[in-house]
Amino acid sequence: SHHRAGRLKEAEAIYQSVLREQPRNPQVLYLMGLMAHQLGKHEMAVDLLKNAIKVNPDVPDCHNTCGEAQRALQKPELAIACYERALALKPDYVEAHNNLGVALQAQGRPENAISSYERAIGINPDIAEIHRNLGIVLQELGRTEDAIVSLEKSLSINPDYAEAHNNLGLSLQVLDQHRGAISCFERALAIN
């Protein structure tokens, strides 16, 4: 409850108390790793999450969060391996499919990223961020019309998504639709 409410000092004190009694408690190791990642302490997060995985290797959330910490540490290959392990354990894990897509895209593997985003959308088509991510990679590949479709879908889910408005503006600009692009940029700035 403390962790969810953002009272991280209180949460950490309780987690530490549990670990003194149960140093190999995989749930507490995972939660401390998650908290460390949220605080930007990615090396610590990886260590805690690896310890949780040693105790119980069958928890997809541990692998996914470890992937996020590895990606934050600029270790894309390790991040990808973590996401793939999470997906081996839970093939319908939408967040891991999206995270894998982001890592693949950053690594210059856009076609693989598209596949990951499309799998995520196939499982849950109502997440604006995934449609935006797909739109970005499509735009990078020069598939501007497809990118616009994805970005518009993102905005139909979340009309106040400033980043998606900005990306849509960039795509419209490529097609020399400058008035539409300006409108998107103004909307993005009005939101953020």
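This is a predicted model: local features need pLDDT of at least 70, side-chain atom pairs count only at pLDDT 80 or more; totals for chains, interfaces and linings use all residues.
## Around helix α2

Which residues of α2 are buried? They are V28, L29, Y30, M32, G33, L34, M35, A36 and H37. As for length, α2 has 13 residues, which should span 18 Å at 1.5 Å a residue, and its end C-alpha atoms sit 18 Å apart, so the two values agree.

## The whole chain

Now zoom out. The protein chain is built with eleven helices and zero strands. Follow the elements from the N terminus on and you read α-α-α-α-α-α-α-α-α-α-α.

How big a box do the C-alpha atoms of the protein chain fill? Along the principal axes, that box is roughly 65 × 35 × 25 Å. The protein chain has 192 residues, and 43% of them count as buried. Its accessible surface comes to about 10200 Å², with 50% of that belonging to carbon and sulfur atoms. Then there is the matter of who touches whom: take the contacts between residues at least 6 apart in sequence, and 43% of them join residues at least 24 apart.

## The largest pocket

A quick word on how one looks for gaps: rolling a probe the size of a water molecule over the atoms shows where empty space is left. Here, the largest pocket holds about 200 Å³ of space. Two elements, α1 (8–21) and α2 (26–38), each give two or more residues to its lining.

Which residues line the largest pocket? The list runs S1, H2, H3, R4, A11, I14, Y15, L31 and L34. Of these, L34 also turns up among the buried residues of α2. The largest share of the lining, three residues, comes from α1.

## A look at N167

Is N167 buried or exposed? Its relative accessibility is 13%, and buried means under 20%, so N167 counts as buried.

And what does N167 touch? Leaving aside residues up to four places away in sequence, its contacts are R132, I136 and L151.

Key
Residues are numbered from 1 along each chain as its sequence is written. Side-chain values use heavy atoms; hydrogens and water are left out. Buried means under 20% relative accessible area, exposed over 50%, partly exposed in between (1.4 Å probe, protein chains only). Contact means heavy atoms within 4.5 Å. On a 1 Å grid over the protein atoms alone, a cavity is a set of points where a 1.4 Å probe fits but cannot get out, and a pocket is an open set with protein on both sides within 12 Å along at least five of seven lines; lining residues have an atom within 4 Å of a point. Grid points are joined across faces, edges and corners, and a volume is the space filled by probe spheres set on the points. Helices (H or I, at least four residues) and strands (E, at least two) are DSSP runs, numbered from the N terminus. Accessible areas come from the Shrake-Rupley method with a 1.4 Å probe; for residues, only the protein chains shown count as cover. The expected span of a helix is 1.5 Å times one less than its number of residues.
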